[in-house]
Amino acid sequence: MQQFEPIAALATAPGIGAIAVVRVSGEGTIEITNRIFKGKDLSTQPSHTAHFGTLRQPDGTIIDEVLVTVFRAPTSFTKEDVVEISCHGSDYIIRQILTRLTREGVRLARPGEFTQRAFLNGQFDLVQAEAVADLIAADSEASHRSALSQLRGGFSRKLKDLRQQLIDFVALVELELDFGEEDVQFARRDQLRSLMVDVRRVLHPLIESFSVGNAVKNGVPTVIVGKPNAGKSTLLNALLDEEKAIVSDIPGTTRDVIEDELFIDGIRFRLIDTAGLRHTTDTIEAIGVERTRQQMEKASVVVYLFDGAETTPGELRRTMAELEEAGKPYLLVGNKADLTLDSGRQTLDDIAGKGKIIWISARDQRIDDLKAALSLRVRTDSAVQTDGALITNARHLEHLTATDDALARAINGLDAGVTADWLAMDLRVALRHLGELTGEITTDDLLDSIFGRFCIGK
């Protein structure tokens, strides 16, 4: 455990507020704060205690009445001595406190430097460190749950255990290289193969979870498509409970993309209302239709809305074939259920398959079944296969994919009877990527890139 030079920064959001918190961490932090604090002697106070007093200028002028909380190493966030100064949330007061600290030898912190020190001091691994930023940015129950899972160790602890087992095997394989002329094997090939298969079995669901995890983190792109006058804009307004889109009996009213956000069961959905899908000679509407197709390509979920009272069995068959060909997850939603004859609904249900069509009435706001289906679509995806752990970070995906590729090459080589040196080469690549993922292998550039995206004060 090491203590670096003392640093300070505003730990709460900038701007005028009732209170603000200035965080100080590093060697001599408690003694430095004690020099500008008038109240109890902080140098004699135990860890995790709070003390009321005043901060003062060298001439005794009071800067502010404050509450100083003391955290002693190694039981602090950074595992260094830490002091948190709770003051009134005035920009002037905050500037005065930071200026006073710098005159006592404290340096202003860089973005993410507190979390970087926590990582360097072994408080958590790199995946958990990145989860701190995700937790701060979480704006929905789902993104909060995902970030909290990673902060608590999530999948990284399991990967570190598997990586250590691989290291043990690689050591034996490389030992064989020293006895190359004697044709000996220290690493049992059947056990090595079994281990690599087990590692890949852990990696695959995590890799596949990225599309869901990324959507949960940034909002699930959900496109509402269908023929003109199917009721797409009415549905958008019903979901948002406001008049967001113009509703008209004239076909082709919506000519551009309309987007807003909706929270369902703690999951953020980015709802996108689009122009009706049809062939048109209207230049402006044709641009809107093309944008609809582009949004469908980007969507995580496609809500295909059709008029239950007007859609024929042949149209439904063609629609389902087109949606299947597009390869996007979709929900079939029959609108105007109140105007659809029971016999007509039964015919369409038979074509789609029992329970495949979600029947709603957007005009009457009878849309609860659709909301439930959207929530279920996300919750039953890859999260179930990964015990709730979702990959939300492109850096993690890159290293997981590279690890899997290297292990696949190693398994193929093993089956083909390659020599130990070729086998060791692929295993080293897998170990390097796993190490860079969790931070057991790092470079200064990597750490600067990751923590430089954090807010100052965290």
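This is a predicted model: local features need pLDDT of at least 70, side-chain atom pairs count only at pLDDT 80 or more; totals for chains, interfaces and linings use all residues.
Biologist: Is helix α9 (residues 232-240) largely enclosed or exposed?

Modeller: Buried here means under 20% relative accessible area. By that cut-off, Lys232, Ser233, Leu235, Leu236, Asn237, Ala238, Leu239 and Leu240 are buried in α9. Because 8 of the 9 residues of α9 are buried, the helix is largely enclosed by the rest of the structure.

Biologist: Which elements are included in what covers the buried residues of α9?

Modeller: The cover includes strands as well as a helix. The strands among them are β8 (220-226), β9 (258-264), β10 (267-273) and β11 (301-307), and the helix is α13 (368-379).

Biologist: Which residue just after α9 takes a positive phi?

Modeller: Helix α9 spans residues 232-240. Just after α9, a phi of about 60° is taken by Asp241.

Biologist: Which are the edge strands of the open sheet of 6 strands?

Modeller: The strand order is β9-β10-β8-β11-β12-β13, with mixed pairing. An edge strand pairs on one side only, and this applies to β9 and β13 (357-359).

Biologist: In which sense do β12 and β13 pair, and what stands opposite Gly334?

Modeller: Strand β12 covers residues 330-335 and pairs with β13 over 3 bridges. The sense is parallel, and the residue in β13 opposite Gly334 is Trp359.

Biologist: What angle does the direction of helix α12 make with that of β13?

Modeller: Helix α12 (residues 342-352) packs on the sheet and touches β11, β12 and β13. Relative to the direction of β13, that of α12 lies at about 150°.

Note on methods:
Residues are numbered from 1 along each chain as its sequence is written. Side-chain values use heavy atoms; hydrogens and water are left out. Buried means under 20% relative accessible area, exposed over 50%, partly exposed in between (1.4 Å probe, protein chains only). Helices (H or I, at least four residues) and strands (E, at least two) are DSSP runs, numbered from the N terminus. Contact means heavy atoms within 4.5 Å. Two strands pair if DSSP finds at least two bridges between them. Axes are lines fitted to C-alpha atoms, for helices over the stretch in contact, and angles run from 0 to 180 degrees between N-to-C directions.
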